[in-house]
Amino acid sequence: MTVIAGAQMVTPDGVVEDGWLQTDGGRIAALGSGRPPANPGRDLGGRWLVPGFVDLHTHGGGGGSVVGADEAAVRTFVATHRRHGTTSIVASLVTGEYDALEHDVRVLAELTDAGLIAGVHLEGPWISPARKGAHDERALRAPEPAAVDRLLKAGHGTVRMVTLAPELKHGLDAVRAVVAAGAVAAVGHTDATYDVTRQAIDAGATVATHLFNAMAPVHHRDPGPIVALLEDERVTVELILDGVHLHAAIARLVRSAAGPQRIALVTDAMDATDIGDGEYVLGDMAVRVENGVARLVEGGSIAGSTLTMDHAFRFAVQQAGFSVPEAVRATSATPARLLGLDGRTGALAPGLDADLVVLDADLVVDAVMARGEWAP
């Protein structure tokens, strides 16, 4: 049992001043304000206590990539992001050949069942060649029903999200198949028109993969996918708030247009995260990281990020107009709900896992607890 006291604690009901929280058996047992029920093991002295972050879109970190599904590399990836407050993380695979993707999905499914990661995200190969970003064009495919079924079955329920371009042949049927399998269908890396995007939403798509990035841009006579995704209350939009993928003014615009309740912050991080500049590989694509910005060596497209969720949290509050509770929602509650994990994590509430982050006055991570254990 652990008792934490003296916190500015962000709960689903708001900020609790002089808050305390008690854990037992890896779960939150009770919380309140004022005098705690037992002597605290840690007094936060007015620092923030927020739920552990939930990242539903990330490819690597600490030198470890999820592509190839090597368990040691995945453990490095998980530990790297955990130090920055992410206690639940989805492994995002990039475009590849079907045999390689099936292998990776099967291995990552086992690691999901073991509790190391929170599931699998397929970002490709069913994306538009016109908006491929850092994906290997040679491996892009239309989402043929048999192929979609193959990869979903390989995950036996652990594929949580699939990003696809609905304008491709079989695209709308693929959206329906993903949703029928219990996964989230996300629109991304797409050149779809406004009307086709609306059809995808009507078919069950509920997420915009890194809104604005790798999408047809907005035009006043051709609004394209961005406007369709932004205006529909059924859609949650991912934002990468590293100051590279989006200007802060765009982040403020999205917060105003969609409302903070429809935003999920993601990192889209690759293996250079927390390592530094140098030469890397994303899937089969050569990447160069300079000044923390990852780009393809050939062509210069942005190739993921070196972002961590604590940095995204600070950016949201300090530059994008989010309040701290709104940033908590975008980094914890909303992604947990999308992944179907909100009965286990994503908020400070009795009965949920004791996944916690302590932030100082500058919103820098001071400590992280995952399932009742302080992270090293």
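This report describes selected features of a predicted model, from its aromatic pairs and helices to its nonpolar cores and backbone details.

The model is predicted, so local features need pLDDT of at least 70 and side-chain atom pairs count only at pLDDT 80 or more, while totals for chains, interfaces and linings use all residues. Residues are numbered from 1 along each chain as its sequence is written, and side-chain values use heavy atoms, with hydrogens and water left out.

## Aromatic rings

A pair of aromatic rings is described by the distance of the centres and the angle of the planes. Rings of Phe, Tyr and Trp (its six-membered ring) pair if their centres lie within 6.5 Å; planes under 30 degrees apart count as stacked, over 60 as edge-to-face and the rest as tilted. By this rule there are two aromatic pairs. The pair of Phe 53 and Phe 313 is tilted, because the planes stand at 35°, with the ring centres 5.6 Å apart.

Burial is judged by relative accessible area: buried means under 20%, exposed over 50%, and partly exposed in between (1.4 Å probe, protein chains only). Phe 53 counts as buried at 0% relative accessibility, and Phe 313 counts as buried at 1%.

The rings of Tyr 98 and Trp 126 are also tilted, since their planes are at 45°, and their centres are 6.5 Å apart. Tyr 98 is in helix H2 (residues 98–113), whereas Trp 126 is in the loop between strand S10 (120–123) and helix H3 (145–154), 28 residues apart. Tyr 98 is buried, with a relative accessible area of 16%, and Trp 126 is buried, with 1%.

A charge sits over a ring if NZ of Lys or CZ of Arg is within 6 Å of the ring centre and within 35 degrees of the ring normal. Arg 42 lies over the face of Trp 374 in this way, at 4.0 Å from the ring centre.

The expected span of a helix is 1.5 Å times one less than its number of residues. Helix H2 has 16 residues and reaches 22 Å from its first C-alpha to its last, close to the 22 Å expected. Its buried residues include Tyr 98, Leu 101, Val 105 and Leu 108. The buried residues of H2 pack against helix H1 (71–83), strand S9 (86–93), S10, H3 and strand S11 (159–164).

Helix H9 (residues 324–338) has 15 residues and should span 21 Å; its end C-alpha atoms are 20 Å apart, which agrees. H9 bends by about 40° at Ala 330, the bend being the angle between axes fitted to the seven residues ending there and the seven starting there. H9 is mostly covered, with eleven of its 15 residues buried; among them are Val 324, Ala 330, Thr 334 and Leu 338.

## Nonpolar cores

In soluble globular proteins, nonpolar side chains tend to be buried together. A nonpolar core is a set of buried Ala, Val, Leu, Ile, Met, Phe, Trp, Tyr and Cys residues joined through side-chain atoms within 4.5 Å. The largest nonpolar core has 90 residues, of which Leu 108, Ile 117, Trp 126, Leu 211, Leu 241 and Leu 265 touch the most other members. H9 gives the most to this core, with six residues. A second, separate core of 13 residues includes Met 9, Leu 356, Ala 367 and Met 369.

Contact means heavy atoms within 4.5 Å. Apart from neighbours within four places in sequence, Leu 241 is in contact with residues including Leu 246, Leu 265, Leu 307 and Phe 315. Thr 236, in strand S14 (residues 236–239), is buried at 5% relative accessibility.

## Backbone details

| Residue | Phi |
|---|---|
| Gly 115 | near 90° |
| His 156 | near 30° |
| Phe 212 | near 85° |
| Gly 340 | about 75° |

His 156 is found in the loop between H3 and S11 and is partly exposed at 47% relative accessibility. Phe 212 lies in the loop between strand S13 (207–208) and helix H6 (224–231), and is partly exposed at 24%. A cis peptide bond joins Gly 124 and Pro 125, with omega about 15°.

Note on methods:
Helix = DSSP H or I, 4+ residues; strand = E, 2+ residues; numbered from the N terminus.
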